[in-house]
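The sequence and the structure come first.

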Amino acid sequence: MVKRVRSDSGPLSLQKHNHWCVKLGVSIFLVGLVVRLLLWDSFSFSSVVVETPPPLEEAKAESPVFASSVLQDSDDFPENDQNQTQISKNEKCDLFVGNWVQDLSGPVYTNESCRVIEPHQNCMKNGRPDSGYLYWRWSPRDCVLPKFNPRKFLKFMRNKSMSFIGDSISRNQVQSLLCILSKVEPAVEIYHDKEYRSKIWKFRSHNFTLSVIWTPFLVKAAIFEDFNGVTSSEIQLYLDTLDQWTNQYKNFDYVVIGGGKWFLKTAIYHENKTVTGCHYCPGKNLTELGFDYAYRRVLQEVFKFFTKSNHKATVLFRTTTPDHFENGEWFSGGYCNRTVPFKEGQIHMIDVDSIMRGIELEEFEKAASLGSKRVNLKLLDTTLLSLLRPDGHPGPYRKFQPFAKDKNAKVQNDCLHWCLPGPIDSWNDIILQMLLNA
């Protein structure tokens, strides 16, 4: 006897079969749609590299806090994530136009962790009572400026040499750089001059040489002045004779050079081995040529040297640094006691700084237009961003505990140089991006 098997070939069975197929098709479609939406959402988030900060007007109103997730205050510095450590070469961004924003993570080093801070810039150790000035960082308007990555910098500088050439502001900046780099490798000082103004350091594990050359006029000068700025005679300035830093230039792969403020001092000018005039020399029976004449003349010599040199190097020309003395100068009771940055438009440059900056931009553009194949000239335009930081100077705390014995003591203020840590650290943030994208 044969067992009968139920047949599904009838009309009703075919209808059930079609209904089941429709259900299956709808289910597959819905699952596919959900997966597609999830993938699309994931792609949208992963494609966001940098969020453009709000326009400056909005930033002013919101008083933004910069959530510094780019680089933490630790030795764990990311090396491979370009979004964290480097601005894209295709991203158009003026690094020098922006505003200072709050950064609650603070600086990457402290005055206790860094051993190379000069006493005059060690504001916290000297007793400065406020610390709010430490929690700001420079934010360009059109991009996010990563914090300085010391591992990336040292890797970039392996087997290379870099020098900061200029006045005491150059020394101030190189100390900031040394402090940041010490988070990865402490430098070994291998040379200093008699007055400890020019120095050379070595980062042995990277074979990187860093130096600072003190030459406040960039040209040959006879200076009769002590460490407190007291002058015993007029400066003799040789406008057509570059200083001895030119003999060392061939040893450098990277140079940061700048000056400016010293040209405001009384000086006798020499050209072609002849006295040609002066700046502010009453009673000398000499032609008053003015500091602007001398500064332009010197910059022309400096840029001519770079553009005609056969040595291949990248040169960053740093613009003049504004001071923030109020109600006087450094020698006449001027002070700087502000505790927060200015916003753009709240302060304007004084005339002498405007004149210097104008000369710098004009002479730099002339040199850059020559298109030298050997030197890569870059403008480190720190003037305007520095103008916004009246809170970042030592002020009376250039000396240790200046008010310990007398709260009303009259002390000399420093409203030109920068506390360390301080605003000048952001200059090095900018330098790293300029070098990476050179």
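## A charged pair within helix H7

Glu301 and Arg297 are four residues apart in helix H7, so about one helical turn separates them. The model is a predicted one, and in it these two residues form a salt bridge whose closest N and O atoms are 2.7 Å apart. Glu301 counts as buried because its relative accessible area is 13%, a value under the 20% limit for that class.

## Other salt bridges

Over the whole structure, a search finds 21 salt bridges, and two further examples are described here. In one of them, Asp130 is paired with Arg128, with 2.8 Å between the closest N and O atoms. The two partners fall into separate accessibility classes: Asp130 is partly exposed at 22% relative accessibility, whereas Arg128, with a relative accessible area of 8%, is buried.

The other example is the salt bridge between Lys284 and Glu234, in which the closest N and O atoms are 3.3 Å apart. Lys284 belongs to the loop between strand S11 (274–279) and helix H7 (291–308), while Glu234 belongs to the loop between strand S7 (219–222) and strand S8 (235–242), so this pair ties together parts that are 50 residues apart in sequence. Lys284 is partly exposed, with a relative accessibility of 40%, and Glu234 is likewise classed as partly exposed, with a value of 23%.

## The cavity and its lining

A search of the whole structure for cavities of 30 Å³ or more returns one. The volume of the largest cavity is about 190 Å³. Its lining is made up of 18 residues, and those that lie nearest the centre are Gly106, Pro107, Trp136, Lys147 and Asp425. Two elements, strand S2 (136–140) and helix H10 (424–436), each give two or more residues to this lining, and H10 gives the most, with three residues.

In terms of residue class, the lining of the largest cavity consists of nine nonpolar, three polar and six charged residues. Charged residues are therefore represented in the lining under a classification that counts Asp, Glu, Lys and Arg as charged, and both Lys147 and Asp425 are among the residues nearest the cavity centre.

Along the chain Asn172 and Trp418 are 246 residues apart, yet the separation of their C-alpha atoms in the model is 7.1 Å.

The peptide bond that joins Leu420 and Pro421 is cis, with omega at about -5 degrees. Pro421 is part of the loop between helix H9 (383–387) and H10.

Which value does phi take in Asn285? The angle is near 55 degrees, which is positive although the residue is other than glycine. Asn285 sits in the loop between S11 and H7, and the residue is exposed, with a relative accessible area of 79%. The loop between S11 and H7 also holds Lys284, the partner of Glu234 described above.

Gln401, which is not a glycine either, has a positive phi of about 45 degrees. This residue lies in the loop between H9 and H10, and its relative accessible area of 36% makes Gln401 partly exposed. Pro421, the residue that takes part in the cis peptide bond with Leu420, is found in the loop between H9 and H10 as well.

## A nonpolar surface patch

On the surface, Val188, Ile190 and Tyr191 form a nonpolar patch, and together they have about 260 Å² of accessible area. Tyr191 is placed in strand S4, which covers residues 188–192. With a relative accessible area of 42%, Tyr191 is partly exposed, and a residue qualifies for a patch of this kind because its relative accessible area is over 30% and it has no salt bridge.

Conventions:
Residues are numbered from 1 along each chain as its sequence is written. This is a predicted model: local features need pLDDT of at least 70, side-chain atom pairs count only at pLDDT 80 or more; totals for chains, interfaces and linings use all residues. Side-chain values use heavy atoms; hydrogens and water are left out. Patches are made of residues with over 30% relative accessible area and no salt bridge: like charges are joined within 9 Å, nonpolar side chains (Val, Leu, Ile, Met, Phe, Trp, Tyr) within 5 Å. Accessible areas come from the Shrake-Rupley method with a 1.4 Å probe; for residues, only the protein chains shown count as cover. A salt bridge is a side-chain nitrogen of Lys or Arg within 4 Å of a carboxyl oxygen of Asp or Glu. Buried means under 20% relative accessible area, exposed over 50%, partly exposed in between (1.4 Å probe, protein chains only). On a 1 Å grid over the protein atoms alone, a cavity is a set of points where a 1.4 Å probe fits but cannot get out, and a pocket is an open set with protein on both sides within 12 Å along at least five of seven lines; lining residues have an atom within 4 Å of a point. Grid points are joined across faces, edges and corners, and a volume is the space filled by probe spheres set on the points.
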